[in-house]
Amino acid sequence: MRDHEPIQTQYFDKLIASFPSMQGKTVAITGCSSGMGLILARACGEHGARIVMLNRPSKGAQAALEDIQRAGINAIGIECDLSSFEKVRHAGAELRRRLGDSGCDVLCNNAGVMGLEDLATEDGFDVQMQTNHLSHFLLTHEVWPLLEKAEQLRGEARVVNHSSGARRAPSRPLQAKYLQAKGGRLGGNGLLGFNKWVRYQQSKLANLMFTYALHEHAGQRPDNRIKSLCAHPGPTDSGLQGKTASSGGTLLLDRYILSKALKNAHSAEDGTCGLARCVMEPGVESGAFFGPEGQSQPGPAVLLPSERDPAAEALLWDESLKATGIRNFFEESVS
């Protein structure tokens with residue numbers, strides 16, 4: 001998918017330079033072996049933050065960790081495979097063991113997969129929904145005690161979710177079946193493959209609805225100072241399109257969608273600006289949503305109007321609790 005000239009970065013460097021030091025803070029990021037996650041990890045690390053790189057075990061993940069450490073950034077790696085609830089719980093236990101004294105200032109739920117066939121995970125859920133949302137829901141629960149610790153020590157903490165313009169393409173409300181253990185029975189393996197993109201749309205809509213639902217539920221707790229934030233990158237040459245193509249995105253519809261995404265794309269650095277504002281900018285308010293204006297046009301990351309949907313937020317929260325087996329989201333995990 002990368003047969004075009006490199007895209008020039010326009011906004012990222014100036015934005016990052018405007019942020020204050022993050023010395024003394026810890027930022028945990030999923031899916032940061034490449035692309036926007038790695039760009040964000042490097043930017044936060046260069047501003048003084050300790051970085052926790054949460055990736056599936058791979059040569060690429062190890063190389064990314066070593067590269068960022070060679071740059072003088074304080075970084076550690078913890079294995080976190082979002083296609084398995086058991087492995088997410090193991091990652092949560094390791095995070096609590098290693099960060100228990102100092103806490104975690106930011107959990108950035110960045111990782112995602114796109115356009116995959118209708119496959120069930122080992123837990124029975126759609127591979128896109130579990131990777132993109134359900135496992136991040138579980139990971140946030142696992143990390144919550146560390147966010148509370150950081151809040152107590154340094155005044156606030158943040159959960160940052162990563163949505164997409166695809167949350168509106170196709171334009172469909174959130175549906176319970178995509179959050180349930182119906183992986184392999186939701187469609188998208190046929191000749192047209194349309195339903196794989198519906199499943200992707202549902203997962204990226206879930207990212208935004210989780211942000212608002214967490215904002216509401218956490219806000220009901222006494223003296224809560226843990227903020228729930230979200231970003232979308234706009235059309236971005238992040239490398240995810242190439243991964244999608246290599247994993248089976250060969251149908252005409254797939255090629256059309258992937259090529260359209262790159263037609264007006266901006267650089268991966270500029271696509272990271274929304275995440276960077278959520279993670280690094282002082283004074284942001286819980287519930288804020290950052291990204292380029294418009295669904296499919298590049299541009300600077302700005303504060304976007306909220307897209308609240310109380311019914312979808314309630315459905316998302318209830319179905320996610322059922323899927324992950326969490327009884328009380330804000331109680332410490334016993335795994």
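Colleagues, a word on conventions. Residues are numbered from 1 along each chain as its sequence is written. Because this is a predicted model, local features need pLDDT of at least 70 and side-chain atom pairs count only at pLDDT 80 or more, while totals for chains, interfaces and linings use all residues; side-chain values use heavy atoms, with hydrogens and water left out.

I begin with the sheet. It is open and has 8 strands in the order β3-β2-β1-β4-β5-β6-β9-β10, with mixed pairing. Helices (H or I, at least four residues) and strands (E, at least two) are DSSP runs, numbered from the N terminus, and two strands pair if DSSP finds at least two bridges between them. The edge strands, β3 (75–79) and β10 (302–303), each pair on one side only.

Next, strand β6. How many of the 6 residues of β6 are buried? The count is 6 of the 6, so β6 is largely enclosed by the rest of the structure; buried means under 20% relative accessible area, with a 1.4 Å probe and protein chains only. Ile226, Ser228 and Cys230 cover one side, and Lys227, Leu229 and Ala231 the other.

The neighbours of β6 follow. β5 pairs with β6 in the parallel sense over 6 bridges, and His162 stands opposite Ala231. β6 and β9 also run parallel, joined by 2 bridges, and here Phe290 is the bridge partner of Ala231. By contrast, β9 (residues 289–291) and β10 pair in the antiparallel sense over 2 bridges, with Phe290 opposite Leu303.

Helix α10 (residues 273–280) packs on this sheet, touching β1, β4, β5, β6, β9 and β10. Contact means heavy atoms within 4.5 Å. The direction of α10 makes about 165° with that of β5; axes are lines fitted to C-alpha atoms, for helices over the stretch in contact, and angles run from 0 to 180 degrees between N-to-C directions.

Finally, helices α4 (residues 85–99) and α5 (residues 127–154) pack at about 30°, with their axes 9 Å apart. That angle makes α4 roughly parallel to α5, a term for angles under 35 degrees. The contact includes Phe85, Val88 and Leu99 of α4, and Leu134, Leu138 and Leu146 of α5. By class, the contact has 11 nonpolar, 3 polar and 3 charged residues. Here Ala, Val, Leu, Ile, Met, Phe, Trp, Tyr, Cys and Pro count as nonpolar, Asp, Glu, Lys and Arg as charged, and the others, Gly among them, as polar.

Conventions. Angles under 35 degrees count as roughly parallel, over 145 as roughly antiparallel, 65 to 115 as roughly perpendicular and the rest as oblique. Buried means under 20% relative accessible area, exposed over 50%, partly exposed in between (1.4 Å probe, protein chains only).
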